[in-house]
Amino acid sequence: MKNLLYQLLLAALAWGLSVPGLAQEAGTGAVSGVIRVEKARVKTTGAKSFKEVVVFLKPLVPGKYLPPDAHAVMDQKGLVFIPHVIAIQKGTTVDFLNSDHDRHNVYFLYDDTGDTLDIGTWGPGQSVSQTFEKTGLVITLCQFHLEMAAYILVLDHPFFTVSEIDAENMSAAYEIKGLPPGNYELGAWHKKLKLKGGKVEVAVAAGQTTAADIVITRAKYAK
């Protein structure tokens with residue numbers, strides 16, 4: 001029986017299937033859990049919903065992480081930025097597309113400093129790329145269509161994911177894989193709600209998945 005289970009486990013890993021309690025990359029760990037909305041309800045439909053939650057794990061021992069070669073993409077379609085929320089690592093390039101029949105503009109408002117940056121205006125079928133070299137929240141807007149807005153969270157590490165809140169149970173599942181063993185600070189960003197209790201420390205071990213559920217709520221209930 002043990003040999004059979006072992007063979008099934010090896011087969012699952014060989015095919016890239018998810019195996020509870022095991023990370024997918026050799027020598028790394030994972031963290032997973034449930035995000036629960038407490039004492040609040042959030043809109044989960046429409047162009048400007050509040051369904052996205054960015055969960056991230058900041059290493060307590062700083063390291064150097066090369067940004068990905070692949071570009072992230074944010075489209076403008078139907079007078080909406082798609083996706084509405086993205087998380088990227090510092091140094092990542094984002095391609096801003098225009099899939100509409102109208103001209104579009106993109107300019108940024110940096111949440112921490114209030115600085116702005118206009119990267120230009122372009123027509124249908126065109127795109128402009130921007131590399132983000134500073135961490136923080138970047139509010140993305142279009143000067144031609146003031147109703148358009150999106151959010152880019154720039155982090156100095158690659159350990160993050162974006163989850164979407166389910167309308168029925170006001171919760172979402174998340175998982176972050178490929179984590180080097182060590183201690184991390186678990187955090188979350190949401191457009192409207194705050195992480196209850198503040199950031200918490202999570203220990204990651206090689207070959208294991210650590211469970212860590214979190215709660216987001218209104219600011220007055222977060223402490």
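How do the residues of the lining of the largest pocket divide into nonpolar, polar and charged? In this predicted model, the division is eight nonpolar, five polar and four charged. The space in the largest pocket comes to about 370 Å³. Its lining comprises 17 residues, and those closest to the pocket centre are Phe56, Leu153, Leu155, Ala188 and Lys199. Strand S2 (52-59), S11, strand S14 (182-190) and strand S15 (194-195) are the elements that each give two or more residues to this lining.

The second largest pocket has a volume of about 200 Å³. Its lining is made up of Lys58, Pro59, Pro62, Gly63, Lys64, Tyr65, Gln89, Lys90, Leu155, Asp156 and His157. By class, four of these lining residues are nonpolar, three are polar and four are charged. Leu155 belongs to the lining of the second largest pocket and is also listed among the residues closest to the centre of the largest pocket.

The chain as a whole contains two helices and 18 strands. Of its 223 residues, 43% are buried. Among contacts with a separation of 6 or more, 67% join residues 24 or more positions apart.

Five of the strands form an open sheet of mixed pairing, in the order S5-S11-S10-S7-S8. Strand S5 (85-89) and strand S8 (116-122) are the edge strands, each pairing on one side only. From one strand to the next, the twist averages 20°. Strands of a sheet pair through backbone hydrogen bonds, in either a parallel or an antiparallel sense. S5 and strand S11 (residues 149-155) pair in the parallel sense over five bridges, and Ile88 stands opposite Val154 in S11.

Strand S10 (residues 136-141) contains Thr140. This residue counts as buried because its relative accessibility is 0%, below the 20% cut-off. Residues up to four places away in sequence aside, Thr140 touches Met74, Phe81, Phe96, Val106, Tyr107, Phe108, Met148, Ala149, Ala150 and Ile152.

A further pairing links S2 to S12, which run antiparallel and are joined by five bridges. Val54 stands opposite Val162 in S12.

Several backbone features were identified in loops. Most residues other than glycine have a negative phi, and most peptide bonds are trans. The peptide bond from Ile82 to Pro83 is cis, with omega near 0°; Pro83 is placed in the loop between strand S4 (81-82) and S5. Lys39 has a positive phi, near 55°, although this residue is not a glycine. Lys39 is found in the loop between strand S1 (29-38) and S2, and counts as exposed because its relative accessibility is 54%, over the 50% cut-off. Leu79, likewise not a glycine, has a positive phi of about 60°. The loop between strand S3 (72-76) and S4 holds Leu79, which counts as partly exposed because its relative accessibility is 30%.

Methods: Residues are numbered from 1 along each chain as its sequence is written. This is a predicted model: local features need pLDDT of at least 70, side-chain atom pairs count only at pLDDT 80 or more; totals for chains, interfaces and linings use all residues. Side-chain values use heavy atoms; hydrogens and water are left out. Helices (H or I, at least four residues) and strands (E, at least two) are DSSP runs, numbered from the N terminus. Buried means under 20% relative accessible area, exposed over 50%, partly exposed in between (1.4 Å probe, protein chains only). Contact means heavy atoms within 4.5 Å. Two strands pair if DSSP finds at least two bridges between them. Axes are lines fitted to C-alpha atoms, for helices over the stretch in contact, and angles run from 0 to 180 degrees between N-to-C directions. On a 1 Å grid over the protein atoms alone, a cavity is a set of points where a 1.4 Å probe fits but cannot get out, and a pocket is an open set with protein on both sides within 12 Å along at least five of seven lines; lining residues have an atom within 4 Å of a point. Grid points are joined across faces, edges and corners, and a volume is the space filled by probe spheres set on the points. Ala, Val, Leu, Ile, Met, Phe, Trp, Tyr, Cys and Pro count as nonpolar, Asp, Glu, Lys and Arg as charged, and the others, Gly among them, as polar.
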